[in-house]
Amino acid sequence: MSETLKNQSSSPRLELLNITKQYPGCLANDQICMRLMPGEIHALLGENGAGKSTLVKTIYGVVAPDAGQILWDGREVEVKSPSKARDLGIGMVFQHFSLFETLTVAQNIELCLSRSQLHSIGDLAERIRDLSATYGLNVDPDRFVHSLSIGERQRVEIMRCLVQSVKLLILDEPTSVLTPQEVAGLFSVLRKLSSEGCSILFISHKLHEVTEICHNATILRGGKFVGDCEPANETPATIAKMMVGDLAEQDAGYEKAFGEDIAFTAKNLSLAAKHPFGTTLKQINFELYKGEILGIAGVAGNGQEELMSIISGEDSRTLKNTLILDGRDIGTQSAGLRRRNGLAYVPEERLGRGAVPEMSLSENTLLTHSRGFVQSGLVNWNAVKKYAKSLISQYSVKCHGEFSEAKSLSGGNLQKFIMGREIGQNPKVLICAHPTWGVDVGAALAIHQALLQLRDQGAAILLISEDIDELFLLADRMAAVCDGHLSPVVRAEETSIDQIGQWMAGTFINESEQQEALA
Ligand SMILES: Nc1ncnc2c1ncn2[C@@H]1O[C@H](COP(=O)(O)OP(=O)(O)OP(=O)(O)O)[C@@H](O)[C@H]1O
């Protein structure tokens, strides 16, 4: 559905004039101009490292620009901190939420309000209930955050902005963690806010969502403004072309494959949660075949992390006769030994677990690629650097070079590097979470093709993702996790987004319980 913007005649809510930000060796924003009208839903688009996060962080007072002006309701302002941004009426929902798990919704929201705001609100819980009813947010002020799903937590973050009477809401890739049903719910909240005059600035790599909901879009490339458009008059392919220049074809759908030989088995895998907010795995059984991609869908926090950690060996608890790699019980092996036996692993969290932030890309390569780089106890650094360089060029990783620290890369560029590093091990089994999380369309295509090539060489791939479209595109068979249970595993061609969406919400658990009761 295309959007038409009312209030065309009013004056801009926000204007950015020649915003410039220089990082050491990188001009992240180069004289960027942008304008947002009241009620406008505006997408900020661009490939990885284009400068989107830097720009929104400037608006929200997290990054100080080196030059340029910010006009708010026609007046020049200096947004020195997020609290100054909130005073102006700017709210931001980050990709990684910042809620305290052991506090209630109302307590979390209270923490970010000033004394005068609290005073003017009066009964905060009542206000949350009112706003919840008005916007269909379904947020209960008395619930503890640890008991909320990711979609519910996102609604708490939005509520946190709403109680402060937000006039501009910034969302950084808001749909990457939601079920299809939750995405629809979020869009109806955004449309309602827009109809009331709240401006929305939206970073996204999901172009079909941009064409669905945004009035206008600004496109950045290499830190520069390269164009704007009305997404309703474009297609995802034409927008992608503006973002990355001459883009290769969009993914058109790939041929499915079916393996016959088992590469990995999880047998009656039950495991208690390691911490109070973790998920207990309950009787998980599946077989992963050589030459196939098995996709596991699920809303974050339903056992995916626990499942990946116990398979990779990152969770070092021993399990016997439960994890079988190529006919061998690996349940008592260390993570390093599992890697040497052919298991590669891309965890969900790229900085900290996928890569050591302070180490260079070469050093990060050596961490998981022991083969061939160490001879007689000595590291062959020339070979490591050469290999890291080849990964940088093969996956178009934007950085200064193999000596760049992992933490200096934009999120999407680091993701490309880690994916390349793990695929490059030619593993027998690759377990990976969110292979293209935050990665732009051009690079996502390259990663998809690398995964399919790996599959076609006979590797078994376990793909864990919240991006259901991507799972349908890549996976040969699919399942979903909910509350530590694994749904039945079915051929991707024989299921539907709706069914997987239902399983992500746990309907299969009730189904199997009902069947047990009937038996
Ligand atoms: N603290 C920093 N120090 C050095 N360089 C940085 C820093 N933060 C960002 N950069 C660089 O600035 C450029 C823009 O980064 P930014 O995070 O704004 O990109 P982005 O468009 O949001 O990318 P993505 O889609 O991957 O999140 C990148 O080349 C990045 O490496």
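1. In this predicted model, strands β6 and β7 (residues 168–172) pair in the parallel sense, and four bridges connect them. Within that pairing, V93 stands opposite L171 of β7. Helix α6, which comprises residues 150–162, lies across both β6 and β7 and runs at about 170° to β6.

2. The β6–β7 pair belongs to an open sheet of six strands, whose order is β6-β7-β8-β3-β9-β10 and whose pairing is mixed. At its edges are β6 (90–93) and β10 (224–229), each of which pairs on one side only. If direction is ignored, neighbouring strands of this sheet are turned by 20° against each other on average.

3. An antiparallel pairing is found between strand β1 (residues 14–23) and strand β2 (residues 26–36), which are joined by seven bridges. I19 has I32 in β2 as its bridge partner. The hairpin that these two strands form has two residues between the strands, and G25 in this hairpin takes a positive phi near 75°.

4. Turning to the helices, α14 (residues 411–423) has 13 residues and reaches 18 Å from its first C-alpha to its last, which is close to the 18 Å expected at 1.5 Å a residue. Because 12 of its 13 residues are buried, α14 is largely enclosed by the rest of the structure. The buried residues of α14 include G412, L414, F417, I418, M419 and I423, and K416, R421 and E422 are also among them. The elements that cover the buried residues of α14 include the strands β16 (343–346) and β19 (429–433), together with the helices α12 (361–368), α13 (381–394) and α15 (441–456).

5. How far apart should the ends of α15 be, given its 16 residues? At 1.5 Å a residue they should span 22 Å, and the end C-alpha atoms are 22 Å apart, which agrees. The residues of α15 that are buried are V441, A443, A444, I447, L451, L454 and R455. Viewed down the helix axis, these buried residues of α15 fall within an arc of 155°, and therefore they line one face of the helix. On the face of α15 turned away from that buried side are the exposed residues Q453 and D456. G458, which follows α15, has a positive phi, near 110°.

Note on methods: Residues are numbered from 1 along each chain as its sequence is written. This is a predicted model: local features need pLDDT of at least 70, side-chain atom pairs count only at pLDDT 80 or more; totals for chains, interfaces and linings use all residues. The expected span of a helix is 1.5 Å times one less than its number of residues. A residue is buried if 20 or more other C-beta atoms lie within 10 Å of its own, exposed if 12 or fewer, and partly exposed in between; C-beta atoms are placed from the backbone. Two residues are in contact if their C-beta atoms, placed from the backbone, lie within 7 Å. The arc is that of the directions from the helix axis to the C-beta atoms. Two strands pair if DSSP finds at least two bridges between them. Axes are lines fitted to C-alpha atoms, for helices over the stretch in contact, and angles run from 0 to 180 degrees between N-to-C directions.
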